[in-house]
Amino acid sequence: MEFMFDTADLKLIRRYEDMIPYTGITTNPALIRKAGIRTGLFDALREIHRCVSSGKSLHIQVVSHDSREMIREAMYIRKQVGEDVCIKVPVTPDGMTAMKYLKTQGVWLTATTVVTPVQAMLALELEPDFIAPYYTQMCGLGTDGAEVIRLLAETIERKKLRTRVLAANIQDTDQLWQVYRAGAHCATLNPRLLEQALQEPAIPQAVRFFDDAWKEAFGEIRLTDCR
């Protein structure tokens with residue numbers, strides 16, 4: 001499963017890009033607000049785009065509710081940032097209309113804010129590049145989010161579609177494991193969560209075990225000083 005960073009904070013991206021093998025950045029208006037971006041929106045997005053341009057994807061969300069305005073915003077985003085940007089469109093009636101048209105224009109699409117199984121089913125019929133089920137919200141509504149992801153992945157495999165399941169709104173490592181087991185192709189999350197996963201108490205304990213073994217055998221000699 002691939003990992004994407006769910007943030008518009010360039011400092012956060014740069015902090016973790018050498019640590020975590022990530023394949024893209026997902027943004028939305030809430031993340032842009034959280035990053036403190038109030039002016040120079042497209043300057044900031046272009047800088048993020050430059051940061052991830054080496055084979056990675058950048059997902060930017062439209063903000064209008066009307067299908068015509070969604071289309072207009074999508075084209076404007078591509079003009080301002082780059083034609084390889086993946087446009088995030090909420091799966092609403094107008095969003096479906098907008099995505100159907102944008103597909104004909106060769107626009108990369110992420111069907112987002114998917115919180116019900118029917119949304120997922122309808123969005124998949126449009127064959128977007130990514131479909132983003134919101135795991136926490138689904139579970140909060142009483143839906144088995146892992147089962148929805150599993151069915152999406154199985155349908156994509158059976159029909160040989162190029163759509164990828166991008167599990168979103170992951171709150172902890174247990175949820176990350178659940179979407180992984182369900183067959184999500186990608187997951188987007190705050191990279192701090194992955195760093196925390198690498199700091200579980202059992203991990204440094206295991207490292208110290210080998211440290212002790214080295215010191216018992218070689219003392220304070222460094223490995224690079226050995227012959």
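Colleague: Is Arg164 buried, partly exposed or exposed?

Modeller: This is a predicted model, and the residue's relative accessible area in it comes to 27%. Buried would need a value under 20% and exposed one over 50%. Because 27% lies in between, Arg164 is partly exposed.

Colleague: Which residue does the side chain of Arg164 meet in a salt bridge?

Modeller: Side chains of opposite charge can pair when their charged atoms come close. For Arg164 the N to O distance is 3.1 Å, and the cut-off for a salt bridge is 4 Å. The partner is Glu2.

Colleague: How many residues apart are Arg164 and Glu2?

Modeller: The salt bridge between Arg164 and Glu2 links distant parts of the chain. Arg164 belongs to strand β7 and Glu2 to strand β1. Glu2 is partly exposed, with a relative accessible area of 27%.

Colleague: Which strand is joined to β7 by two bridges?

Modeller: Strand β7 covers residues 164-167, and the strand joined to it runs parallel. Leu166 stands opposite Cys186. Cys186 lies in the strand of residues 186-189, which is β8.

Colleague: How many strands make up the closed barrel?

Modeller: The protein has eleven helices and eight strands. The barrel runs from β1 through to β8 with parallel pairing. From one strand to the next, the twist averages 25°. The number of strands in the barrel is eight.

Colleague: In β5, which residue is the bridge partner of Pro90?

Modeller: Strand β4 spans residues 86-90. It pairs with β5 in the parallel sense, over five bridges. For Pro90, the bridge partner in β5 is Thr112.

Colleague: Why is strand β5 largely enclosed by the rest of the structure?

Modeller: Strand β5 takes in residues 108-114, seven in number. A residue counts as buried when its relative accessible area is under 20%. The strand is largely enclosed because the number of its seven residues that are buried is five.

Colleague: What separates Asp43 and Arg46 in helix α3?

Modeller: The side chains of Asp43 and Arg46 meet in a salt bridge at 2.7 Å, N to O. An α-helix has 3.6 residues a turn, so residues three or four places apart point the same way. Arg46 is partly exposed, with a relative accessible area of 24%. Asp43 and Arg46 are three residues apart in the helix, so what separates them is about one helical turn.

Colleague: How far apart in space are Met121 and Arg50, C-alpha to C-alpha?

Modeller: Met121 sits in helix α6, residues 117-125, and is exposed with a relative accessible area of 51%. In sequence, Met121 and Arg50 are 71 residues apart. In space, their C-alpha atoms are separated by 34 Å.

Colleague: And how far apart in space are Arg15 and Pro191, C-alpha to C-alpha?

Modeller: Arg15 is part of helix α1 and is partly exposed at 48% relative accessible area. Between Arg15 and Pro191 the sequence separation is 176 residues. In space, C-alpha to C-alpha, the separation is 9.3 Å.

Colleague: What is the area of the nonpolar surface patch that includes Met19?

Modeller: Met19 lies in the loop between α1 and β2. Its relative accessible area is 38%, so Met19 is partly exposed. Leu198, Ile203 and Val207 make the patch together with Met19, and its area is about 330 Å².

Colleague: Which residue just after α11 takes a positive phi?

Modeller: Helix α11 has 17 residues, 202-218. From first C-alpha to last it reaches 25 Å, close to the expected 24 Å. Just after this helix, a phi of about 70° is found at Gly219.

Colleague: What share of the residues in the protein is buried?

Modeller: The C-alpha atoms fill a box of roughly 70 × 40 × 30 Å along the principal axes. The protein has 227 residues, and the buried share of them is 45%.

Definitions and conventions
Residues numbered from 1 in each chain as written. Predicted model: local features only at pLDDT ≥ 70, side-chain atom pairs only at ≥ 80, totals over all residues. Heavy atoms only, no water. Helix = DSSP H or I, 4+ residues; strand = E, 2+ residues; numbered from the N terminus. Expected span 1.5 Å × (residues − 1). Patch = residues over 30% accessible without salt bridge, like charges linked within 9 Å, V, L, I, M, F, W, Y side chains within 5 Å. Areas by Shrake-Rupley, 256 points an atom, 1.4 Å probe, with all protein chains shown as cover. Buried < 20%, exposed > 50% of the residue type's maximum accessible area, 1.4 Å probe, protein only. Pairing = 2+ DSSP bridges. Axes fitted to C-alpha atoms, helices over the stretch in contact; angles between N-to-C directions.
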